[in-house]
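Please consider the sequence and the structure shown here. A short report accompanies them.

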Number of protein chains: 2
Amino acid sequence: MGSKRMMRLGMSMRGLGYHPAAWRHPDVPANGTVSFQHYLRNAQTAERGLFDMIFFADGIGIREHDAPRGALARSGYEIIEMEPLTLLPALAARTSRIGLVATASTTYNEPYHIARKFATLDLISEGRAGWNVVTSWSEAEARNFNREHHLDYATRYERAAEFVEVVTGLWDSWEEGAFLYDKAAGRFYDESRAHVLNHRGKHFQVRGPLNVGEMPQGRPVLFQAGASEQGREMAAASADVIYAAHDTIEAARAYYADVKRRLPTYGRDRDDLKIMPALRPTVGRTAAEARAKFEELQALLDPMVGLQRLYGTFGDLTGHDLDGPVPLDRLGPQELKSFSDRWVRLVREKNLTIRQLYEHQAGAGGFHLVGTAAEIVDVMEAWMEAEACDGFNITPSILPGGCDDFVALITPELQRRGLFRTAYEGRTLRENLGLKPHVNRYSRQAVPEPVSA
Amino acid sequence: MGSKRMMRLGMSMRGLGYHPAAWRHPDVPANGTVSFQHYLRNAQTAERGLFDMIFFADGIGIREHDAPRGALARSGYEIIEMEPLTLLPALAARTSRIGLVATASTTYNEPYHIARKFATLDLISEGRAGWNVVTSWSEAEARNFNREHHLDYATRYERAAEFVEVVTGLWDSWEEGAFLYDKAAGRFYDESRAHVLNHRGKHFQVRGPLNVGEMPQGRPVLFQAGASEQGREMAAASADVIYAAHDTIEAARAYYADVKRRLPTYGRDRDDLKIMPALRPTVGRTAAEARAKFEELQALLDPMVGLQRLYGTFGDLTGHDLDGPVPLDRLGPQELKSFSDRWVRLVREKNLTIRQLYEHQAGAGGFHLVGTAAEIVDVMEAWMEAEACDGFNITPSILPGGCDDFVALITPELQRRGLFRTAYEGRTLRENLGLKPHVNRYSRQAVPEPVSA
């Protein structure tokens, strides 16, 4: 393989961690999602661990309709949280090198606001801002924004593509060198380097220019999920990083090859788009310690909260015997389709009970590894070598514990094997991710790029 | 008069200061509006000076149509700036006691976002958030948000009133004590204290509840301008602070009496709404030094930028003799009405030239005092004694100079006369402003308030 590819790492810091029982864990501050000190501590730990970035998923509402009655009040998961684009500037002011990525929806925002806010975050953080572009999906969110139902898939994606076009257009309002600051001559900016976007599309009419300029990264780094066919194509066209989700190396390799293959169509190189699947590690100093940590958390899972996990597919199962079989026969063809093949197979093969299924979904679902640092890094290294990814987004079960453990145990093992940095290479997120500098579209026009051989 | 009323003070920190030539001043960092260090320095100075709050005005666009050709590029005023609701959390993380007030428009936002962002700011700052409610007015802003023209006055205000109703409703989603955090019993929140707003109005349909809770202030402090009849009534109904604009003590007294008189209708006391006019002081150790500071800045005023000040009323005057008379005859009855009576009187009485008029508007307009600290505090004290205000919003000509000078010279003089605090009284902005604690609307229903005698 030659010299090893360096791994990119993000720490997903939503709430108290990704396990729905996290808030009940003795080491977790149950009110952490409304405590700035909680977020700050985790961000500083991740920076000490040289993570490329911290990453915040987001939802713009409480999914009260997606749960059996009474379940939400027993669940500390995604109930109250800080708004990421308000939280990240505060974390920017108390960190210095780690990237700061916030989710913002293209369905319930206006592009001028989003362009401005991320541009401001890039300035405050001196070049560490990233935008995770999502289209939102839940009815709960729709009902907080003047709608009865969420937009259909096609309209959401059409709007998203135009939204990103407007935002990136606004970000190019000011060419490099536009601001002269010439006090003697009284020239603040050079009019020939200021550009009015004048976008007139199907979903948006936005004139510009943006009233923020001189972003340290040229523009913030763009993140997408890119799972569907349409999503893959959109990511290949414009994303810098894909936040992927795969739980087998085979699926990850196939996805990786497919997306990377699409890049040349858009004049982009293989390394211009990083693919980082989610990974939830539970690490211990011994395998037994790791297993005990996992089981301690699983034991805190409230059956009501477990049933909430199944609600979207099965509806309310509160009357059912939790230790009886999963009622697959309740599903129509439509529900079966939405319930992933993998789960159906698992339920059938292993004859899972309802309790076993929700325990699996809550605790062990997705790409989840339990073991020592060496065992976990073995798998991470294998994924890198197999070209299944460019790195990982760590989704800890609990915070701060999951972040602390990673930095204390896994980071040193990655470094020992030469898979991960021992110091930040650059000042900006773009530099640390090994992405090319952004070139303003108008500079490109002025100075034609050399044709590659 | 008995014991003196304590003065409230806000520092308006927009950009490089309120003088349009500020960026050309030798002590002003011309790129300050895109430098976090610039804002941080001023915020920390204002906190050292025990200001109740820093205050950020805002615009969501560059007013390119409100200027003669070429003028904007010579003006560093309101061109590029940080977005206040992104900037304030960063300042919150590096200050500890000063209030943080951001402007956000009800015309170009959605109430759920605004409720969430200010609630998050209140959490991050531990109770120092304030929202300045504005409706926006410029065509430039409309064109960045899918419109050709701004909304008419009546629709803007109708939308604003409903917007505030929704936001304050969402802020009450969680009653005091709603969050139990009972790990043993598995109870995260008490359902009887969680409230769905389910707002269905003319402009908005918003279900709720808000996915942020436990704000240290109960809810952020509300600011309004409240100039018009409709604005005064809206402020009397719901604002905590009015950011007023008066340049004579008579006008300020009349306004103050009028607004305070409206409060009982809404079950509110006289002290429940603070009225703070804008004040621009240019202070020196001697009167001559103050005058020299003022004139130094006036001399930096570019004629093009000066004419921009008159553009909204007179259109493009670039062909005219700057030292000739102001062409009042160019104004139709409509323009004359919008051009304030005070200016018309001034032009007629003093036979002002075009240059004299724009110099007056740029540098000396509004409530502007030039003198020693004792001279300036004499006027401030007289306004307080005459019940013309509850304090002032300082709008410095330049930053950091205007803020530095105030804290070095005027604050000690105010303190010496017992007009201003010598230490913060409370932890929150609400406490420092002397406002009553916020009582959640649902708690009010549960525990009836005693009828006042």
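## Basis of the report

This is a predicted model, in which local features need pLDDT of at least 70 and side-chain atom pairs count only at pLDDT 80 or more, while totals for chains, interfaces and linings use all residues. Residues are numbered from 1 along each chain as its sequence is written, chains are lettered from A and ligands numbered from 1 in the order in which they are written, and side-chain values use heavy atoms, with hydrogens and water left out.

## The contact between chain B and chain A

Chain B and chain A each bring 78 residues to their contact (heavy atoms within 4.5 Å). Together they bury about 6,900 Å², and 56% of this lies on carbon and sulfur atoms; buried area is the accessible area (1.4 Å probe) that two parts lose on being put together, summed over both. Of the area that chain B buries against chain A, 11% comes from B:Asn146, B:Lys183 and B:Phe188, more than from any other three residues.

Six salt bridges are counted between chain B and chain A, a salt bridge being a side-chain nitrogen of Lys or Arg within 4 Å of a carboxyl oxygen of Asp or Glu. A:Glu83 forms a salt bridge with B:Lys117, with the closest N and O atoms 3.3 Å apart. On the side of chain B that touches chain A, α3(B) gives the most, with eight residues; helices (H or I, at least four residues) and strands (E, at least two) are DSSP runs, numbered from the N terminus.

## Aromatic pairs

Over all chains, the structure holds 42 aromatic pairs. Rings of Phe, Tyr and Trp (its six-membered ring) pair if their centres lie within 6.5 Å; planes under 30 degrees apart count as stacked, over 60 as edge-to-face and the rest as tilted. The pair A:Phe367 and A:Trp383 is stacked, because the ring centres are 4.2 Å apart and the planes lie at 15°. A:Phe367 is buried, at a relative accessible area of 8%, and A:Trp383 is buried at 3%; buried means under 20% relative accessible area, exposed over 50%, partly exposed in between (1.4 Å probe, protein chains only).

Ring pairs also link A:Trp23, B:Trp174, B:Phe179, B:Tyr181, B:Phe188 and B:Tyr189 into a cluster.

## A buried leucine in chain B

B:Leu40 belongs to helix α1 (residues 36-48) of chain B and is buried, with a relative accessible area of 2%. Leaving aside residues up to four places away in sequence, B:Leu40 touches B:Leu91 and B:Arg94.
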